[in-house]
Amino acid sequence: MVTTRSDRAWEVLAGVLDPEVPALSVRDLGIVRDVIDHGEELEVVLTPTYSGCPATEVIESSVLSAIEAEGLGPARATLKRAPAWTTDWMSEEGKRKLREYGIAPPHACAEPASAVIRIVRRDIVPCPRCGSKETERISAFGSTACKALYRCVACREPFEYFKPL
């Protein structure tokens, strides 16, 4: 099977870690939206986790450096902010890695198209360490705006929850 330059780039990007959650690659997070081979140049399309994400420039630089280091360049990054990134774009592998890292992964947030009224409820966030569903939110924000701080009632360990967006 012939591997294209774009396919090789996707493989390389699986090794580029997110600077804020180094247990996940930029592919695991779902912020790499596309890799387009324009012949002389590769274009890597990125959607930041949110428009004000302080790690966007670092991610862009890391992506381009990884592509160049593998001899796949030249390359450029294009930031695509619409549609907005959602935690639904995270891979199942990424969610597993988050759990193993000690961060509770986000729940699915896509709503059925027929939903008219949204009922606000307390999410049950299982502890990533012991699996207990007896947890409590300590703070709406953790180390970054995309995470909340929780504590497990069973094992008493604090943990972060990657909020669904």
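How many bridges join β6 to β7, and in which sense do the two strands run? The strands β6 and β7 run antiparallel and are joined by 5 bridges. The legends below present this pair and other parts of the structure.

The model is a predicted one, in which local features need pLDDT of at least 70 and side-chain atom pairs count only at pLDDT 80 or more, whereas totals for chains, interfaces and linings use all residues. Residues are numbered from 1 along each chain as its sequence is written, and side-chain values use heavy atoms, with hydrogens and water left out.

**View 1. The open sheet of β4, β7, β6 and β5.** Four strands, in the order β4-β7-β6-β5, form an open sheet with mixed pairing. Strands here are DSSP runs of E with at least two residues, and helices are runs of H or I with at least four, both numbered from the N terminus. Two strands pair if DSSP finds at least two bridges between them. At the edges are β4 (103-104) and β5 (135-139), each of which pairs on one side only.

**View 2. Arg 156 in the loop between β6 and β7.** Arg 156 is located in the loop that lies between β6 (147-152) and β7 (158-162). Its phi is near 65°, a positive value in a residue other than glycine. Most residues other than glycine have a negative phi, and most peptide bonds are trans.

**View 3. The open sheet of β1, β2 and β3.** A sheet of 3 strands, also open and of mixed pairing, has the order β1-β2-β3. Strands β1 (32-37) and β3 stand at its edges with a single partner strand each, so one side of each has no neighbour in the sheet. From one strand to the next, the twist averages 20°. Angles run from 0 to 180 degrees between N-to-C directions, and axes are lines fitted to C-alpha atoms, for helices over the stretch in contact. Strands β1 and β2 run antiparallel and are joined by 5 bridges, with Val 32 opposite Leu 46 of β2. Strand β2 (residues 42-46) pairs with β3 (residues 75-79) in the parallel sense over 5 bridges, and Leu 42 stands opposite Ala 75 of β3.

**View 4. Helices α1 and α3 against the sheet and each other.** Helix α1 lies across β1 and β2 and runs at about 145° to β1, while α3 lies across β2 and β3 at about 150° to β3. The axes of α1 (residues 5-13) and α3 (residues 56-69) come within 10 Å and cross at roughly 125°. The two helices are therefore oblique to each other; angles under 35 degrees count as roughly parallel, over 145 as roughly antiparallel, 65 to 115 as roughly perpendicular and the rest as oblique. The contact (heavy atoms within 4.5 Å) is made by Ala 9, Val 12 and Leu 13 of α1 with Val 63, Ala 66 and Ile 67 of α3.

View 5. Gly 73 and Pro 74 are joined by a cis peptide bond with omega about 0°, and Pro 74 is found in the loop between α3 and β3. A cis bond also leads from Ala 82 to Pro 83, with omega near 0°. Pro 83 lies in the loop between β3 and α4 (92-101).
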